[in-house]
Amino acid sequence: MSLVTGKVISVKGQVVEVTFSGDKPNVHDVLVLDNNPLVKMEVYTSAGPDSYFCLLLTDGQNIARGNGIINTLKPVTIPVGRELLGRVIDLFGNPRDKGSQIQTKEHWPIYRSAPTYSDVTIPKEILVTGIKGIDLFCPLLKGGKIGLFGGAGVGKTILLTEVIHNIIQMSPRTGAQDTLSVFAGIGERTREGQELVETLASGGVLPYVSLIFGHMGENPTLRFLSGATAITVAEYFRDVLKKDVLFFADNVFRLAQAGNELSLLMNSIPSEDSYQATLSSEMATFHERLTSTTANIITSIEAIYIPNDDILDQGVQSILPYLDSTIILSRDIYQEGRLPAIDFIASNSSALAPEFVTNDHYKTALHAQSVFKKAVSLERIVSLIGEAELNTADQVLYKRAKILRAYFTQSFFTVEKQTGRSGKFVPVETTVKDTKDILNGVYDQISENKFMFIGEAKEATV
């Protein structure tokens, strides 16, 4: 009996329409050409009573209308195990680091259900990054989801890389063995991935990290599905190896973008901002799997590109509801040379609350934010008539706001070679104390320029 159960009726880029007259395939089944099993596609959605849209997983040059199709009755699976640690793989688990083929005892499908309600735990512990602006205003929850939002070229990847360095690399002997990391490179530059691998290797923590890449040169199917592969690896580390997991993703917007490219090829009616109608469910599927359980946690730190610096873009808005901490990077601040270019007024975190941080930390952060807000309202007056024309109270407040802005700049370890400045890791207790001192006028007699790219505030007095 022939295994051919269907045939190709159209090919549109990475989307193939197939028809089945007999047994129908399930969603996510992998199909192969009967005359070339190396050409693979995945059933994505129904196109008609007997036809289906499939995502082409391989090169499409050898596929044509009328080709016979064999249903493998299996979804895309990847090898899972400790063997993935220290390795760079693609969507299918193939090595991308010039290493040997990965051999494991288990293979898992890349599509899995999220943990049930009874298995989910609520994050309560703060994860310290050593980055002053993040730790004070946008504390990260261990087991939560954190988003780094910014337009092109404002420092998202650099900030994400610095967070990776400070969390994993600053104390590899004490933390790396108990916490494993997964990095998902979704639609970003190959060069950045290579630089990250070299940084992790030089710091001695690469053996505790697994990296999955679907770079921007790949077709939209591979970019769209590479996130699911990375999450599957993270779930294995959490559920089987019983480890806490740090999950890093760069860039989640590219996931939405790849889905939009494929949606257009399927003639789907677009939704808000011309995105696919399934965008919300795609983002929900991605984030709901990144959940901490009662046994072990997954902490997700994601970079999100903001197209045209428009944070109201629907692709960006679809990600926001799943995040505990939102860190907004500002182009205006970046152009002023203050790095990291975090907008402390627009950024927020659910962890900035008395039940997660100390009362001193909470009050100091709110006080500092109120000073920033008042300083913004004074900017126009200063630009018109000068700072000297402000009343005494406003002059003091404006001066302290400028010192605070300078203080929250910071030198990063990951760009020491480019900047020529040594990286700084600042404990959160020091950041809170320094901020209080600045707000209380301890450093009023020192120029704000002395605070640029320092660690602790006392360095400005040297």
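This is a predicted model: local features need pLDDT of at least 70, side-chain atom pairs count only at pLDDT 80 or more; totals for chains, interfaces and linings use all residues.
Residues are numbered from 1 along each chain as its sequence is written, and side-chain values use heavy atoms, leaving out hydrogens and water.

**The sheet.** Eight strands form an open, mixed sheet, ordered β8-β14-β13-β15-β16-β12-β17-β18. Strands here are DSSP runs (E, at least two residues), and helices are runs of H or I (at least four), numbered from the N terminus. Two strands pair if DSSP finds at least two bridges between them. The edge strands, β8 and β18, each pair on one side only. β8 runs parallel to β14, joined by two bridges.

Helix α2 (residues 156-169) packs on the sheet. Contact means heavy atoms within 4.5 Å. The strands that α2 touches are these:

| Strand | Residues |
|---|---|
| β12 | 145-150 |
| β13 | 179-186 |
| β15 | 244-250 |
| β16 | 298-305 |
| β17 | 325-328 |

**The cores.** A nonpolar core is a set of buried (under 20% relative accessible area, 1.4 Å probe, protein chains only) Ala, Val, Leu, Ile, Met, Phe, Trp, Tyr and Cys residues joined through side-chain atoms within 4.5 Å. The largest has 64 residues; F137, L211, F248, I327 and F451 touch the most other members. Beyond its neighbours within four places in sequence, F248 contacts residues including L160, V163 and I301. Another core, of 55 residues, lies apart and includes V80 and F247.

Conventions
Axes are lines fitted to C-alpha atoms, for helices over the stretch in contact, and angles run from 0 to 180 degrees between N-to-C directions. Buried means under 20% relative accessible area, exposed over 50%, partly exposed in between (1.4 Å probe, protein chains only).
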